[in-house]
Amino acid sequence: MAGKPPQSDPVQDAPQVAGPKHAAAGLPAVGHSLRMAQQQMGVKRTALTLLRVNQKDGFDCPGCAWPEPEHRHTAEFCENGAKAVAEEATLRRVTPDFFAAHTVADLATRSGYWLGQQGRLTQPMYLAEGAERYEAVPWERAFDIIAEELTGLASPDEALFYTSGRTSNEAAFLYQLFAREFGTNNLPDCSNMCHESSGSALNETIGIGKGSVLLEDLYKADLIIVAGQNPGTNHPRMLSALEKAKTGGAKIITVNPLPEAGMERFKNPQTPQGMFKGAALTDLFLQIRIGGDQALFRLLNKLILDTEGAVDESFVGEHTHGYEEFAETARAADWDETLTATGLTRAEIDEALRMVLASERTIVCWAMGLTQHKHSVPTIREVVNFLLLRGNIGRPGAGVCPVRGHSNVQGDRTMGIFERPAPAFLDALEKEFGFAPPRGHGYDVVRAIRAMRDDKAKVFFAMGGNFVSASPDTEVTEAAMRRARLTVHVSTKLNRSHAVTGARALILPTLGRTERDLQVGPNGKGTEQFVTVEDSMGMVHASRGRLEPASEHLLSEPAIVARLARRVLGDESRTPWEEFEKDYATVRDRIARVIPGFEDFNARVADPNGFALPHAPRDERRFPTATGKANFTAAPVEFPKLPEGRLLLQTLRSHDQYNTTIYGLDDRYRGIKNGRRVVLVNPEDARELGLADGSYTDLVGEWKDGVERRAPGFRVVHYPTARGCAAAYYPETNVLVPLDATADTSNTPASKSVVVRLEQSAAN
């Protein structure tokens with residue numbers, strides 16, 4: 001039988017601490033996966049559900065967006081995938097009785113872990129203005145409430161339509177269609193908080209804001225550089241691909257302030273040898289200081305330019321623009337400045353250069369360690385410069401590989417979830433649906449929070465996610481949310497955003513990826529539907545849930561959008577919303593006519609392996625930029641400067657969480673057990689600051705606005721991170737990230753480079 005949810009909220013600031021591990025996965029990962037799954041689902045449901053994850057006739061894992069190989073294992077999931085599935089397919093239920101027993105004020109005192117452990121939401125819940133508790137309401141009443149607020153706005157731009165990365169292609173397309181037919185481009189999404197810097201840099205330099213490699217390219221590479229990313233915790237199935245690449249002869253350079261167990265050794269649970277012995281992955285570990293990546297790649301570029309015959313002159317001459325200006329800037333790179341910025345030695349950089357020059361096919365992978373700094377966009381542009389110099393884009397086994405986090409976060413953007421849509425996309429919408437979409441830019445996440453704070457936005461509607469916990473500057477974000485007239489969250493489970501509400505609030509429960517989606521057609525018979533997703537490498541495939549829904553009152557995300565649109569837009573809308581709700585194939589037909597690359601969508605997605613979206617730089621070495629070529633760029637080298645006695649903090653995930661969803665209170669690979677309020681500090685830095693291992697400190701953020709942002713009561717853990725750097729888990733430390741501390745160009749919160757001082761805590 002599945003276990004019951006915890007009745008009390010466990011203490012999270014008194015963990016047991018051991019040394020970090022030096023290998024990931026293996027038998028402990030298998031045991032942990034099965035134990036957590038059985039606690040949530042029971043033995044039989046665990047077996048039936050996990051064996052369908054990422055299978056060709058199954059459902060897409062609701063966790064990360066790592067692609068599936070063509071030939072799949074029986075158990076094609078990782079430990080974190082098993083946790084994500086278990087949380088969604090849990091037998092635990094949150095009924096109206098739960099809300100009767102808990103006021104919103106009570107829920108606001110609970111941790112994200114406790115809220116998530118309560119189980120699946122079962123009915124629409126409404127918090128009336130001035131009420132203390134949510135109460136169950138029928139769906140029609142919920143839609144009436146939303147329509148009342150939306151139609152009462154002075155302008156459509158007073159509404160915000162947020163999207164999480166788990167939304168399917170079909171739901172995302174309908175969602176943006178509704179928002180634009182309503183009259184706004186206010187479509188902030190989770191990309192604004194993670195990979196927006198990647199999209200900004202790649203659109204400018206290669207003409208498309210996505211990675212240029214497929215999974216097979218990793219197996220053909222000579223060199224893979226993994227920078228600012230921890231696959232062992234965030235994308236564990238990537239470790240299998242890296243292992244296969246190593247078997248094929250690839251070398252791997254890991255660039256990270258923290259040593260990560262998965263990049264040291266991977267114990268593949270799919271093979272007996274892998275389970276117990278494992279494979280060493282990293283050939284060279286560059287333990288870089290936080291924010292020093294641009295300086296590193298700039299110096300490598302200088303050294304490539306200075307090496308006779310190292311530049312692919314034929315590629316540069318035929319396919320690139322801006323080389324001379326870039327080369328002049330790169331040749332001025334300074335060794336001393338680079339060593340200061342990176343904390344690396346000259347010998348380490350020389351060894352990296354040797355490996356780079358020995359490689360004919362190089363891939364650079366990165367994640368939020370590169371994207372969440374003030375200078376993230378110039379950093380990623382410098383990575384592109386690095387690859388262009390040796391012709392490593394548009395060649396098998398080479399290219400840019402931004403590794404997206406949430407499943408279908410890339411697909412959402414492809415479907416039009418973007419506050420700054422391209423004119424060509426809006427033209428296609430207008431032609432297909434016969435209305436004039438708004439042309440002005442909308443709000444991204446940071447601007448949406450400011451708009452609510454400043455009373456410029458009054459209705460907040462979230463399609464999935466946990467906006468309050470995911471966003472920066474927690475106190476500012478929560479105060480802004482509470483100024484709204486109405487907050488609405490389409491969710492499968494409880495989270496903190498349900499306890500931080502506008503004057504009125506709704507929780508709309510939806511089907512999960514694991515569940516059967518049966519829509520009643522015009523003939524009165526139920527027709528089983530499927531949805532599609534796009535992975536991190538631009539592959540589109542179907543996802544079919546098989547479990548019975550957690551409640552008879554759940555609606556699918558496409559159905560929620562379609563019914564809301566009919567209620568808000570009324571008979572004036574010529575869009576066939578009812579048809580879309582009953583048959584998702586009709587949605588895919590419209591996607592095929594609006595979005596390039598989806599031609600003949602329904603027929604192509606019938607292929608069990610899915611299909612690859614076109615990518616001009618990868619497929620044709622054609623670069624759809626303003627210049628018609630791949631653009632070299634030149635920018636000053638930037639890196640964070642630390643005042644004396646301060647540390648540079650990066651926010652990160654534990655191994656028992658995915659984004660803001662907390663599955664447990666352990667971080668097994670980093671040696672943390674039964675607690676989350678810890679700060680990892682280099683032992684030498686800790687001694688200089690007088691911070692004993694096991695002592696307690698308050699983290700105090702320092703920024704130019706002079707506002708004190710404090711996260712109290714963190715246990716100090718002496719940890720082998722880079723000098724001058726510290727690390728702690730989010731969302732607990734999002735309070736330290738200023739709303740206005742964002743990346744240039746992309747406006748992504750700079751969550752990986754927060755200047756903090758550590759003050760003795762009252763807990764000592």
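## A buried aspartate

At a relative accessibility of 3%, Asp 656 counts as buried, a word used for residues under 20% relative accessible area, whereas exposed means over 50% and partly exposed lies in between (1.4 Å probe, protein chains only). The model is a predicted one, in which local features need pLDDT of at least 70 and side-chain atom pairs count only at pLDDT 80 or more, while totals for chains, interfaces and linings use all residues. Residues are numbered from 1 along each chain as its sequence is written, and side-chain values use heavy atoms, with hydrogens and water left out.

Asp 656 is found in the loop that links β25 (647-652) to β26 (657-658); helices (H or I, at least four residues) and strands (E, at least two) are DSSP runs, numbered from the N terminus. If its neighbours within four places in sequence are set aside, Asp 656 is in contact with residues including His 32, Met 36, Lys 83 and Tyr 663, where contact means heavy atoms within 4.5 Å.

Strands count as paired if DSSP finds at least two bridges between them. β25 runs antiparallel to strand β33 (residues 754-760), to which three bridges join it, and it pairs in the parallel sense with strand β32 (residues 725-729) over five bridges. Leu 649 has Val 754 as its bridge partner in β33, and Leu 649 also stands opposite Ala 726 in β32.

## Nonpolar cores

In soluble globular proteins, nonpolar side chains tend to be buried together. A nonpolar core here is a set of buried Ala, Val, Leu, Ile, Met, Phe, Trp, Tyr and Cys residues joined through side-chain atoms within 4.5 Å. The largest one has 61 residues, and those with the most contacts inside it are Leu 150, Phe 161, Phe 178, Phe 461, Leu 508 and Trp 577. A second, separate core of 51 residues includes Phe 297, Ala 310, Ala 333 and Leu 388.

Apart from its neighbours within four places in sequence, Leu 150 is in contact with Ala 159, Phe 161, Phe 178, Phe 182, Val 459 and Val 568.
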